[in-house]
Amino acid sequence: MERVMIIGPCGAGKSTLAFALAERTRLPLFHMDKLAWKPGWVDRGNDELREILRPIVRQDRWLIEGNYGSTMVDRLPYADTVVYLDFPIRLCLARILKRFRQYLGRTRPEMTEGCPERLDPLFLWYVMRWNAHSRPRIEERIAPFADKVVRLKSPREAKEWLARILPA
């Protein structure tokens, strides 16, 4: 594993897994949220984000955490491993609420400084509709790369997978 993508619903634990994997592999870690947002929750936009990603994905080693579906076409051909945290949405929603309480008024480590944690009803609606809206698009995007995809269905599977491939 030299070029790894971690994808899945919001709140699944992509960042948590990425931090653990980066620590064990020493892969340079890039968070899509950090790349996509400027301070004050200003969106960079797809063109600028793709421009930032271009030199990153051409590097020999990287770990990129996050979805941003419009950029998957830029990352998937270069990735040798795609870890898909395909977790139940009710679990993801519970984790989002926990994260909100934990970081209220502060910026999470995987976010751009100046983007304090917030809980937006539209964001929650987006997550609640994940299976009907986002999942089909992601499934379509990763289908041609099925041989690279590691689909993990629960936090337990993720923990076991990490321990199996990289014992602490």
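I take buried to mean under 20% relative accessible area, exposed to mean over 50%, and partly exposed to mean in between, with a 1.4 Å probe and protein chains only.

**Entry 1: basis of the work**

I am reading a predicted model, in which local features need pLDDT of at least 70 and side-chain atom pairs count only at pLDDT 80 or more, while totals for chains, interfaces and linings use all residues. I number residues from 1 along each chain as its sequence is written, and I take side-chain values from heavy atoms, with hydrogens and water left out.

**Entry 2: the chain as a whole**

I looked up the secondary structure and found eight helices and seven strands in the protein chain. I use DSSP runs for these, helices being H or I of at least four residues and strands E of at least two, numbered from the N terminus.

I then checked the radius of gyration, taken over C-alpha atoms, against the globule rule of 2.2 Å times the number of residues to the power 0.38. For 168 residues a compact globule would have a value near 15 Å, and the protein chain agrees because its own value is 15 Å. Along the principal axes, the C-alpha atoms fill a box of roughly 35 × 35 × 35 Å.

I noted that 45% of the 168 residues count as buried.

**Entry 3: salt bridges**

How many salt bridges does the structure hold? I found 14, each being a side-chain nitrogen of Lys or Arg within 4 Å of a carboxyl oxygen of Asp or Glu. In general, side chains of opposite charge can pair when their charged atoms come close.

I looked up Arg 61 and found a salt bridge with Glu 2, the closest N and O atoms being 2.7 Å apart. This pair links distant parts of the chain, 59 residues apart: Arg 61 is in the loop between α3 (46-57) and β5 (62-65), and Glu 2 is in the segment before β1 (3-7). Arg 61 is partly exposed at 30% relative accessible area, and Glu 2 is also partly exposed, at 36%.

I turned next to Arg 151, which forms a salt bridge with Asp 86 at 3.0 Å between the closest N and O atoms. Arg 151 lies in strand β7 (residues 149-152) and Asp 86 in the loop between β6 (81-85) and α5 (89-103), so the pair ties together parts 65 residues apart in sequence. Is Asp 86 buried or exposed? I record Asp 86 as buried, at 4% relative accessibility, whereas Arg 151 is partly exposed at 33%.

Arg 151 also meets Glu 139 in a salt bridge of 2.8 Å, N to O. Glu 139 is in helix α7 (residues 134-142), 12 residues from Arg 151, and is partly exposed at 25% relative accessibility. I note that a network of salt bridges links Asp 86, Arg 135, Glu 139, Arg 151 and Lys 153.

**Entry 4: backbone angles**

Most residues other than glycine have a negative phi. Trp 41, not a glycine, has a positive phi of about 60°. I located Trp 41 in the loop between β3 (37-38) and β4 (42-43), where Trp 41 is buried because its relative accessible area is 19%.

Tyr 68 likewise has a positive phi, of about 45°. I located Tyr 68 in the loop between β5 and α4 (72-75), and I record Tyr 68 as partly exposed, at 24% relative accessible area.
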